[in-house]
Each structure stands twice: as structure tokens, then as C-alpha cells.
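Please look over the sequence and the 3D structure below. A short report on some of its parts follows.

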Amino acid sequence: MGLSIVGISGSPTSPSRTSVLVGAVADALAERLDGTAELIELGPLLGELGAGPFRGDLGPAAREALEAVESADLIVVGSPAYRATYTGLFKLFFDHVGQYSLQDIPIVLTATGGSDRHALLVEHQMRPLFGFFQALTLPLGIYGNQDEFVDYRIESPELRQRISTTVERIVPLIQLNLTPSQSRELARPAVF
Ligand SMILES: Cc1cc2nc3c(=O)[nH]c(=O)nc-3n(C[C@H](O)[C@H](O)[C@H](O)COP(=O)(O)O)c2cc1C
């Protein structure tokens with residue numbers, strides 16, 4: 001069976017440039033790795049995710065999204081820049097993800113923003129969050145300026161090029177690490 005690639009878009013709006021970017025990266029990886037790509041948009045899950053701090057507080061759609069991420073072989077995350085970091089919605093979702101569920105799982109970091117001024121949110125905010133999860137954050141992140149999209153399509157050849165460069169550079173790293181389900185089986189300490 002092919003790799004299961006799950007994209008998570010932390011934009012509360014629809015349509016969303018971030019969803020377009022995450023979807024494009026997930027699809028390119030699926031094609032290159034002969035896997036299947038699924039895109040999860042968090043906007044419609046906001047109410048369920050805010051219902052309480054515990055998994056039992058959540059509705060079925062939020063629980064299903066969490067289970068998809070926790071069982072993925074490869075994850076592509078993306079968020080719009082809001083106040084120079086990822087959205088509250090993005091964090092709210094990952095607050096519910098199991099502390100050890102992403103351990104050693106390869107993750108591609110992406111974001112979009114209104115200018116290039118906050119491009120480093122990928123490195124300075126997103127990467128440490130997934131460091132907490134002991135995930136395998138891949139070395140290249142992708143940031144798209146909103147001006148690189150027209151009518152919620154990627155219009156900029158430079159952004160398309162950044163996506164394909166990233167995919168080409170990270171595919172060998174993912175292939176080196178192609179035992180994520182085995183990694184998941186490794187003992188996890190039951191502590192918080
Ligand atoms: C509440 C809010 C805060 C924002 N803050 C920033 C910001 O700090 N830096 C930035 O570059 N863009 C900021 N933006 C612009 C969005 O990040 C940008 O339009 C993004 O591409 C929207 O993505 P989406 O279409 O997926 O929702 C903000 C937008 C909103 C609505």
C-alpha cells in the first residue's frame with residue numbers, strides 16, 4: 001500500500017490560499033512517492049475543536065481529522081500568518097494531537113502571508129511546535145506570499161518552483177525514513 005499523506009490547513013476561511021498551497025504540496029508528494037493525499041481544512045472544525053480540552057469533548061469530524069493525522073505516514077502542515085505566527089485554529093488542532101503520535105513522522109512546513117515580512121514564522125514558530133512532538137520536520141519549508149495567488153490558484157512560477165525544489169529535495173529524505181509505522185510502534189513512555 002502507498003504512503004498516506006495528510007495535509008492540514010489552518011486557515012479559518014474558505015476558499016483559502018493556504019489550503020491551495022498545502023494541497024499542491026501534498027499532491028506533488030503523492031505523485032512522486034506513489035502515495036495517496038488527503039487535505040483536511042480546519043475552518044469547518046473550529047466549533048468542534050473549541051468544545052473542550054479533551055478528545056471526548058470533540059465532535060466526530062474533529063476526532064476523525066485527528067485520527068487521520070495521527071495515523072499518517074507523511075504530513076504537510078500549513079497556516080496563514082496571523083499576527084506574525086500560525087493561527088489560533090492551527091494551534092487549537094495540534095493541542096488535541098497526541099503528544100507521541102507524531103514521533104519520527106516526516107512533516108513538511110508551509111505558510112502563507114500578506115507580505116514576506118513574516119516568512120520566518122515557518123522556522124521560528126512552526127518548527128519548534130513540531131520539535132515538541134519529536135516529529136521529523138523536513139529541512140525545507142515553503143512560504144507563499146498572497147500576491148503569488150490569483151483567484152485562489154498558484155499564479156507565481158517562483159512559488160511553483162519552490163514547491164518542486166522542496167519536493168525533489170525532501171523525497172530522498174522521506175525515502176530514507178520509510179518506516180514511520182514501525183517508528184510509531186516503538187515504545188512510547190506513558191508520561192506527560
Ligand atoms: C486576522 C489576520 C491577521 C493577519 N496577520 C498577518 C501577519 O501578521 N503577517 C502577514 O504576512 N499576513 C497576515 N495576514 C494576511 C494573511 O496571512 C494572508 O492573507 C494569507 O495568505 C491568508 O491565507 P488564507 O487565504 O489561507 O486564509 C493576516 C490576515 C488576517 C485575517
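## Two helices side by side

H4 and H5 count as roughly parallel to each other, because the angle is under 35 degrees. Helix H4 (residues 88–95) and helix H5 (residues 121–132) pack at an angle of about 5°, and their axes are 12 Å apart. Phe90, Lys91 and Phe94 in H4 are in contact with Met126, Leu129 and Phe130 in H5, where contact means heavy atoms within 4.5 Å. Five of the residues of this contact are nonpolar, none is polar and one is charged.

## Basis of the model

The model is predicted: local features need pLDDT of at least 70 and side-chain atom pairs count only at pLDDT 80 or more, while totals for chains, interfaces and linings use all residues. Residues are numbered from 1 along each chain as its sequence is written, and side-chain values use heavy atoms, with hydrogens and water left out.

## Helix H1

Helix H1 covers residues 17–33, which is 17 residues. From first C-alpha to last, H1 reaches 24 Å, close to the 24 Å expected at 1.5 Å a residue; the expected span is 1.5 Å times one less than the number of residues.

Ser16 caps the N-terminal end of H1, with a side-chain oxygen 3.2 Å from the backbone nitrogen of Thr18. Buried residues in H1 include Leu21, Val22, Val25 and Leu29; buried means under 20% relative accessible area, with a 1.4 Å probe and protein chains only. After H1 comes Asp34, with a positive phi near 60°.

## Ser156

Ser156 sits in the loop between strand S8 (153–154) and helix H6 (157–176). Its relative accessibility is 8%, so Ser156 counts as buried. A polar atom of the Ser156 side chain lies 3.2 Å from the backbone nitrogen of Glu158.

Note on methods
Axes fitted to C-alpha atoms, helices over the stretch in contact; angles between N-to-C directions. Helix = DSSP H or I, 4+ residues; strand = E, 2+ residues; numbered from the N terminus. Parallel < 35°, antiparallel > 145°, perpendicular 65-115°, else oblique. Nonpolar A, V, L, I, M, F, W, Y, C, P; charged D, E, K, R; others polar. Buried < 20%, exposed > 50% of the residue type's maximum accessible area, 1.4 Å probe, protein only. Polar contact = N/O pair within 3.5 Å; in protein donor to acceptor, adjacent residues only side chain to side chain.
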